[in-house]
Amino acid sequence: MCGRYAASRRPEDLAGVFGIEKWEPREALEPDWNVAPTKEVYAVLDRPLKDAGSPRPVRQLRTLKWGLVPSWAKTPEGAARMINARAETVHEKPAFRRAFASRRCILPADGYYEWVTGAAERELEVEGKKKRPRKQPYFVTPSDGSVFAMAGLYEFWRDPTLPPDHPSAWWATCSVITTEAEQGPLGVAPAGGPRSLADIHPRMPLMLTPDRWDAWLDPARTDVEELRGLLAPPPEGLMRAYPVPTAVSNVRNNGPELLTELDAPEESTLF
């Protein structure tokens, strides 16, 4: 799954990476090393500009709220539960299938966090001696330092309680697509730690390699089977994972120190 990630790159940097043609400086977000559900996040998408008089899709950098609200929803309640969409079923689930057909995006990140229960902690849990085992967070990121381009969906929801001209009348929300975690060895694995992403968690965000960006973002592509083909996992061995301070477990903590690579887990998590 993906329940927390880091996104520290500036709009100017993302514009160069993704070929952004349009973004609003007033929508600029501060670097965020602890992105959590319901926060505002950057999304790359291809969409005609409003009132531009042209149907040509324009590559934009937009800010969306993480936690998708389907267009048909009566209320936004439950958005925090719609942070992930499974690649295997996204084309058929009522909450996601319309967005999958025509409102796809890329959510740029530095990487994502996942928590692992240490071996000693698991033993105590099994024995009933510890009901809430402490978990060690790991940060998963591309080995080469490039942007982690997460496949995403976005949707628009109209708040019926507000007048049409109200600045909050429309919500723009998004979800991260997840897939089965890689079974193969990590590109760089921590000493004494997990050897693959599947050792950390059975699911992971679907990373789109650059050769798929244009096709994924193209709103003219609506054939479901063709789109499903773009959800194939990337080649194995592109990622690294390392233990980071447990401070990231508290969403109120934020800052580059959360990405500090520890020499060893803060608690025993040997595999």
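How many salt bridges does the structure hold? The structure holds 14 of them, a salt bridge being a side-chain nitrogen of Lys or Arg within 4 Å of a carboxyl oxygen of Asp or Glu. Disulfides (a pair of cysteine sulfur atoms within 2.5 Å) number zero. Please keep in mind that this is a predicted model, where local features need pLDDT of at least 70, side-chain atom pairs count only at pLDDT 80 or more, and totals for chains, interfaces and linings use all residues. Residues are numbered from 1 along each chain as its sequence is written, and side-chain values use heavy atoms, with hydrogens and water left out.

- D214 and R59 pair through their side chains in a salt bridge, at 3.0 Å from N to O.
- This pair links distant parts of the chain, with D214 in helix α5 (residues 213-217) and R59 in strand β5 (residues 58-66), 155 residues apart. Helices (H or I, at least four residues) and strands (E, at least two) are DSSP runs, numbered from the N terminus.
- R59 is buried, at a relative accessible area of 11%. Here, buried means under 20% relative accessible area, exposed means over 50%, and partly exposed lies in between (1.4 Å probe, protein chains only).
- E155 and R103 also have side chains that meet in a salt bridge, at 2.9 Å from N to O.
- That pair likewise links distant parts of the chain: E155 sits in strand β10 (residues 148-158), while R103 lies in the loop between α2 (97-102) and β7 (104-109), 52 residues away.
- Both E155 and R103 are buried.

- E24 is partly exposed, with 27% relative accessible area, whereas R26 counts as exposed at 70%.
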